[in-house]
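Dear colleague,

Please find below the structure that I am handing over to you. My notes on what was found in it follow directly after it.

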Amino acid sequence: MKFVDEFRDPALARTLAERIAAECQPGRRYAFMEFCGGHTHAIARYGVTALLPPAIRMIHGPGCPVCVLPVGRIDQAIALARDHGAIVATYGDTMRVPASGGRSMLQARTQGADIRVVYSAADALALARAHPAREVVFFAIGFETTTPPTALVVKQAAAEGLRNFSVLCCHVLTPPAIAHILRPGSAGDGAAPIDGIVGPAHVSIVVGSAPYEAFARQQRMPVVISGFEPLDVMQSIHMLVRQVNSGRAEVENQFTRAVTRDGNLAAQRVVAEVLEPRERFEWRGLGELPHSALRLQPRWAAFDAEQRFALHYRPVADHRHCDCGAILRGQKQPADCRLFGTACTPEHPLGSCMVSSEGACAAHWRYGRHTGHPGDSGHTGHTGHAASAPLQGIAVRSSPAGQDA
Ligand code: SF4
């Protein structure tokens, strides 16, 4: 297939759905986690869950970069602008993530903090060039996909002798998070047992498929790296069902048009030149995970905002009624939260999962709440959804405006 429409073809989707259903063994349940928020969004947007047989249950993972950003890191970014007078440059979704005291970066900006939205790390560097008399801090978030540009701008700032640029580095790492989720008991009581992982697409373009091999082997966990289009996801689910049925626990690559075993070596090299693993890092919903995030290496300390401004990290609890933590651990679904759609909406998010389009609550709000398919963003899959609206998902909801899976 060459064109994107072919990856959204309803007839092909139905054929794949029939194959998946035919592969499911009678009486057997299959629980698969889509780690990545991009997959959560695609599953909800195209109604993939409605095409799956009731035996298959999709569980959200914590692979939404905005969702896992803890309150304490947002507080640090606000403090940089408010208390240190810095221009803080950040990606747009981060602006509305709740910080402590019911604030957000957006609200801090209305109160005078100089916080600006950028579309790239290079934009943040351009701000530093344009304002040589001001400190400019890039609030760098995201998984391995957005990490290489952060490393590049640090090198570029050094090469240009920019003394007013630094990075608040909150990049997180995918394989340690998946390994943590798979560790027995790590997700707490009520966490669903997982039979397989739909592996990240964009992250895997950078890191390759090899980093998943260790836990696939050690924890006997099938992994299929998947593209973001609905047929990609369905084919990956089909591959996972086949692995489970045959007792295999391998890393398979459905997204061969973009992912190799070794990944993007040039991107990995530039990251390795500038960044290093932190001993620990707090993830919203998952707590502190060892070696799960990156910071600047000591030789780039002049560009490290945490050192430059002597920042100390203070963990802060989420809103006491917000279930984001349980959702990110796979224990609950968006509709289980008592605030969903009442106090918490995309216009007024009380938790991080309602902010980004990759967040489970936002995806469920946008695509799942009117369909009668709670699982459009991660339901249990055992409650008769297919009978009420068979095979309609991709055909009906193929082109909502402004969304990109
Ligand atoms: S609905 Fe809002 S408050 Fe509830 S879990 Fe989702 S983001 Fe958190």
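Histidine 291 is placed in the loop between β12 (287-290) and β13 (294-296); helices (H or I, at least four residues) and strands (E, at least two) are DSSP runs, numbered from the N terminus. This histidine 291 is not a glycine, yet has a positive phi of about 50°. Its relative accessible area is 49%, so histidine 291 is classed as partly exposed; buried means under 20% relative accessible area, exposed over 50%, and partly exposed in between, with a 1.4 Å probe and protein chains only. Most residues other than glycine have a negative phi.

Arginine 220 also deserves a note: although not a glycine, arginine 220 has a positive phi of about 50°. Arginine 220 lies in the loop between α10 (213-218) and β8 (223-225). With a relative accessible area of 52%, arginine 220 counts as exposed.

Please bear in mind that this is a predicted model, in which local features need pLDDT of at least 70 and side-chain atom pairs count only at pLDDT 80 or more, while totals for chains, interfaces and linings use all residues. Residues are numbered from 1 along each chain as its sequence is written, and side-chain values use heavy atoms, with hydrogens and water left out.

As to the chain in general, there are 17 helices and 13 strands. Of its 405 residues, 58% count as buried. Among contacts in the chain with a separation of 6 or more, 77% come from residues 24 or more positions apart, where contact means heavy atoms within 4.5 Å.

Next, the ligand. The ligand takes up the space of the largest cavity. A cavity is a set of points, on a 1 Å grid over the protein atoms alone, where a 1.4 Å probe fits but cannot get out; a molecule sits in it if more than half of its atoms lie within 2 Å of its grid points.

Helix α6 (residues 121-130) has Ala121, Ala124, Leu125, Leu127 and Ala128 as its buried residues. These residues lie on the same side of α6, because they cover an arc of only 150° around the axis, the arc being that of the directions from the helix axis to the C-beta atoms. The buried residues of α6 pack against β3 (87-90), β4 (115-117), β5 (136-142), α7 (147-160) and β6 (165-171).

Three further buried positions may be of interest.

- Threonine 40 lies in helix α2 (residues 37-45) and is buried, at a relative accessible area of 2%. Neighbours within four places in sequence aside, threonine 40 is in contact with Glu34, His60, Glu358, Ala360 and Ala363.
- Serine 104 belongs to the loop between β3 and α5 (105-110) and is buried, at a relative accessible area of 11%.
- Histidine 180 lies in helix α8 (residues 174-182) and counts as buried at 12% relative accessibility. The C-alpha atoms of histidine 180 and leucine 286 are separated by 8.6 Å, with the two residues 106 apart along the chain.

Yours sincerely

Definitions and conventions. 1 Å grid on protein atoms, 1.4 Å probe; cavity = no way out; pocket = protein on both sides within 12 Å on 5 of 7 lines; lining within 4 Å.
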